[in-house]
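This report concerns selected side-chain arrangements in one protein model. Please consult the sequence and the structure while reading.

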Amino acid sequence: MGQIPAGSEGNERDRAGRNPRSGRYETDEERADRQWGDLLQELRVAQTGVQILFGFLLAVVFQPRFADLSTVDRNIYVVTVMLGSATAAALIGPVSYHRLLTGRRMKPQTVVWASRLTKLGLALLFCTMCSTLLLILRVALHNVAALWLVGAMALWFLVCWFVFPLWAIVRHSGRRPAGGREAQDADPRT
């Protein structure tokens, strides 16, 4: 995701109609359609979590105990709500982008930009989750252990969301794909 779909630089097809860069039998438009469908599935998961978290954050200010928060905790709350808003905007943005560009024969470009917005949204979601945890654990624990717990959880998020996928890329980089070509020749944009 986030890259220009294979074959968009030119119409490179082998005799069997397969795109040699991706190894799939699909046109550029079919590829963009497939990538868009994949992206929508990913967005459904992320958007649901963000909407629940953001709803929780919006309700916090109306709780009786909110008045008892320290200035630092109120500032953390404001930052958290702003991060939650930015996250929601970035993860809902691809839907608007697609809707405004539908019918303009720009599906490959739509996929690229929607993918970029999704990646930005995931980075913002990471920040929102950490900020939310910091606020909750500061209120619950009233000590420095909150920072250590948030740091440990932030590290776990980074491992699950970024390290594991990057590790898979590194492990796969030297293997031959099913078609027998070297992985370095395979399209990294799939």
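Is Tyr77 buried or exposed? In this predicted model, Tyr77 is buried, since its relative accessible area is 7%, and the cut-off for that class is under 20%.

## Aromatic pair of Phe66 and Tyr77

The structure contains four aromatic pairs. One of them joins Phe66 to Tyr77 in an edge-to-face arrangement, with 5.1 Å from centre to centre and 70° between the planes. The two residues stand 11 residues apart and the pair links distant parts of the chain. Phe66 belongs to the loop between helix 1 (28–60) and helix 2 (71–101), whereas Tyr77 belongs to helix 2.

Phe66 has a relative accessibility of 12% and therefore counts as buried. Tyr77, at 7%, is buried as well.

## Aromatic pair of Phe157 and Trp161

Another ring pair consists of Phe157 and Trp161. Their ring centres are 5.2 Å apart and their planes meet at 35°, so the pair is classed as tilted. The class follows because planes under 30 degrees apart count as stacked and planes over 60 as edge-to-face, with the rest called tilted.

Both residues lie in helix 4 (residues 145–172); because they are four residues apart there, about one helical turn separates them. Phe157 is buried, with a relative accessible area of 12%, while Trp161 is partly exposed at 28% relative accessibility. Phe157 and Trp161 also belong to a cluster, linked by ring pairs, that includes Phe126 and Phe162.

## Arginine over a ring

Trp113 has a charged neighbour: Arg116 lies over the face of the Trp113 ring, at 4.6 Å from the ring centre.

Arg138 is located in helix 3 (residues 107–141). With a relative accessible area of 29%, Arg138 is partly exposed, because this value falls between the cut-offs of 20% for buried and 50% for exposed.

Leaving aside residues up to four places away in sequence, Arg138 touches Ser70, Val72, Asp73, Ile76 and Ala146. With one of these residues, Asp73, Arg138 makes a polar contact from side chain to side chain at 2.5 Å. Leu69 is 69 residues from Arg138 along the chain, and the C-alpha atoms of the two residues are separated by 10.0 Å.

Definitions and conventions:
Residues are numbered from 1 along each chain as its sequence is written. This is a predicted model: local features need pLDDT of at least 70, side-chain atom pairs count only at pLDDT 80 or more; totals for chains, interfaces and linings use all residues. Side-chain values use heavy atoms; hydrogens and water are left out. Buried means under 20% relative accessible area, exposed over 50%, partly exposed in between (1.4 Å probe, protein chains only). Contact means heavy atoms within 4.5 Å. A polar contact is a pair of N or O atoms within 3.5 Å; within protein, one must be able to donate a hydrogen and the other to accept it, and residues adjacent in sequence count only if both atoms are side-chain atoms. Rings of Phe, Tyr and Trp (its six-membered ring) pair if their centres lie within 6.5 Å; planes under 30 degrees apart count as stacked, over 60 as edge-to-face and the rest as tilted. A charge sits over a ring if NZ of Lys or CZ of Arg is within 6 Å of the ring centre and within 35 degrees of the ring normal.
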